[in-house]
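Let's take a walk through this one, beginning at the ligand and then moving out to the charged pairs and a helix.

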Amino acid sequence: MYKINKSSNQLRWVILLLVLAVILPTVCLLWFMTQAVKNERLALRQKLIDFYTEQTQTLFIDGPRQYWQQQRELIGSQSDQPPSQFVSNSIIFSPSQLTSAIVLDSNRNIIWPKFSLEDPNYPPDRQTAYDKLAEIWETEFSKKDYSQAAERYRELASDKEAPLWWPATMAQARCLQKTGQSAEAANTYQQIAWPEKIPPGCQHLVIQARLALLELYKSLPEKDFAAEFEKQITIAASRLLDLDTPTEVFYLTRLLEVCSKTQLVDKVADDIKRCQQIIEADSVALEVAQKLNNPSALENWPEGEFRRLEIRDTVFCCRWDFGKCQVLPIASAASITDFWQKITTELDDKMVFCRVVDETGKIIAGQPETYRGRLVLFGQKFLSHNLGKPFPDWKIELYFRYGIFSAAARRQRIIYFWTAVLVITLMLIIMFLSSRAILKQAKLSRLKNDFIATVTHELKTPLSSMRVLVDTLIEKNYDDVNTPDKYLGLIAQENKRLSRLIDNFLTFSRMERNKHAFDIAPASPVEIANTAVAAVQTKFENESVKFDMTVLKPLPMINADKDAIVTVLVNLLDNACKYSYDNKQIELKVFREDNFVCFSVRDNGIGMTRRQTKRIFDRFYQADSSLSRRAEGSGLGLAIVKFIIDAHRGRIDIESKLGKGSEFIVKINIV
Ligand code: ADP
């Protein structure tokens, strides 16, 4: 028992080691895989960060800086021209984000845009001229004496070279129109409307005259004349921007209104658009100029930086110094947003999205991520960088889109997963095969050990009792004359037992090596039963066994090796006798059942538990009771029985109850 425990302990250790040999590498492999996936993710993340940091530098820092520098240089290169020229031509009409600009002279006075229509070239005696005009206005507007006013205006406009000719002629035409002399009024307007040369400061009169003419001709019956005028005004509209002072917002606006009323819109659409741009730009510039028209406005404003001005929908204004002159380019909020939006779109992709935020954190450009209408961030911020000049407090923020790493790592993880599955499966197979081999080997060596131990033990008992008997006989250590005969008889009996034991061992050993060749042939079951009974008869008589044999005829022949089946029955009968108490009752019954002939051996002996009956066919198994020990078995008898029955393709059933007895039924095929 101890031996078995010891070897099974060893086995347990071997199997434990094997399991460890599988589990440890598996755990290591899994750990390695997790680490590898993690590292993969980190490496990918770092790669992306490096890539996008570089991209950010190029797209958001270097690119814009270069762009604004170019804009600055463009204006700088033209700063020798009159401000009105370079502002209108280079900024507004170049493909720039800048819509207008403010120009300051060395004394920080705003010299562009102009706040009034006053022209420094206007005649020096303009006050006197206006006084004269004012007198006639009195007649015209207060007295409403239009004919007299017209006459007086005409007198004032007698000298065509005089500076007053322009306003006076204009007023004369107006009065003529008011008195209903449309044709005369038209003729007078004509003189102003298409002059060969416009003196400085009179452009607005030219435009006014053209407008008046347009309205007048529409009411006149002479259609052809009106058509001719339309032709001329189309040409005039296209030349609008050739005027020296495009900031005359009011007149431009009026002209545009008239053009649209006269269905000239399509013909002068481009010009209108340009005019509108100018009007818009100039009016914004005027508003900005008004806001900045105080000494503190430009304080603490670093050169080359944009500032936000709350004018209309917010505008941005920068400060560039060119020598003593300063230019403050203006950009609308929309154009600045557009500028950054274009760049963010260039960087946005499946992996990342970016945003430009101002100093307050407000998003200027970049897709705000929304979910069910709410602003949600589906990403992780990995970069935040100041944009530098000209927007030093603004930032570019880069986010990894949600789930990009899992997507990238998924492929790698699948590869790792299947590798791990393969390796683990291989290891399990190897473990299974090797543990099977080890178990087989262990079982074999245990069998061998058990066999040797049993053989030695079983041989020792009869040998030692024989030695005692022989010694007694040699030393003549006895009184009774019958003793030698009695001892010799006992020696012969022990000898027989020894031979039977050795026979059993040999049979078993042969069977183990599969060398027992059975001679299967038709045999009589009754004959077999009789032979077996004859073999145990003496023993049964000695043990006072109440033996009964029943043969239920007719019985067919069976296909069997006669001697082998006799061995089976002898073993069963012998066991029945061995494992019974003193009042032994044994019965052998031979009968037919279906295609079998059954040999039933029943006793009233010690019986077995259910568990024991399952194991009794195992080699060397002995139910550990004092009786079985006393019976001096080897645990091989039933193993031999099973082997023989299996070789005959028969069956053996057991019914046993502990303390009540057992029945073994052997079933052998009939011929
Ligand atoms: P042994 O040489 O020990 O008799 P066997 O293989 O013939 O070896 O029997 C194995 C074990 O089965 C026995 O040790 C005994 O415990 C049990 N056994 C066999 N036959 C009987 C029986 N008729 N009644 C009770 N126990 C039995």
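This is a predicted model: local features need pLDDT of at least 70, side-chain atom pairs count only at pLDDT 80 or more; totals for chains, interfaces and linings use all residues.

The ligand has 21 residues around it, and the ones that come nearest are N575, Y579, Q622, S634 and L638. Sort that shell by class and you get 10 nonpolar, 9 polar and 2 charged residues.

The side chain of Q622 puts an N or O atom 2.8 Å from an oxygen atom of the ligand. L638 uses its backbone instead: an N or O atom there lies 2.8 Å from a ligand oxygen. With S662, a polar side-chain atom sits 3.4 Å from a nitrogen atom of the ligand. How much of the ligand's accessible area does the protein cover? On its own the ligand has 530 Å² of accessible area, and the protein covers 98% of that. Looking at which elements give two or more residues to the shell, you'll find α15 (562–578), α18 (637–647) and β19 (661–669). Of these, α15 gives the most, with 3 residues.

On to the salt bridges: a search of the whole structure turns up 20 of them. Take R174 and E140, whose closest N and O atoms are 3.0 Å apart. R174 belongs to helix α5 (residues 165–178) and E140 to helix α3 (residues 126–142), so this pair ties together parts that are 34 residues apart in sequence.

Another pair is E587 and R602, with the closest N and O atoms 3.7 Å apart. Here the link runs between strands, from E587 in β16 (residues 585–593) to R602 in β17 (residues 596–603), 15 residues apart. E587 is partly exposed at 22% relative accessibility, and R602 is partly exposed too, at 39%.

Then there's R615 with D618, where the closest N and O atoms are 3.8 Å apart. Both partners count as partly exposed, R615 at 40% and D618 at 36%. Salt bridges can also share partners, and that is how E593, R651, D653 and K667 come to be joined into one network.

Last stop, helix α4 (residues 146–156). Which of its residues are buried? They are A149, A150, Y153 and L156. Around the axis these residues cover an arc of only 120 degrees, which means they lie on the same side of α4.

How values were computed:
Residues are numbered from 1 along each chain as its sequence is written. Side-chain values use heavy atoms; hydrogens and water are left out. A salt bridge is a side-chain nitrogen of Lys or Arg within 4 Å of a carboxyl oxygen of Asp or Glu. Helices (H or I, at least four residues) and strands (E, at least two) are DSSP runs, numbered from the N terminus. Buried means under 20% relative accessible area, exposed over 50%, partly exposed in between (1.4 Å probe, protein chains only). The arc is that of the directions from the helix axis to the C-beta atoms. A residue is near a molecule or strand if one of its heavy atoms lies within 4 Å of it. A polar contact is a pair of N or O atoms within 3.5 Å; within protein, one must be able to donate a hydrogen and the other to accept it, and residues adjacent in sequence count only if both atoms are side-chain atoms. Accessible areas come from the Shrake-Rupley method with a 1.4 Å probe; for residues, only the protein chains shown count as cover. Ala, Val, Leu, Ile, Met, Phe, Trp, Tyr, Cys and Pro count as nonpolar, Asp, Glu, Lys and Arg as charged, and the others, Gly among them, as polar.
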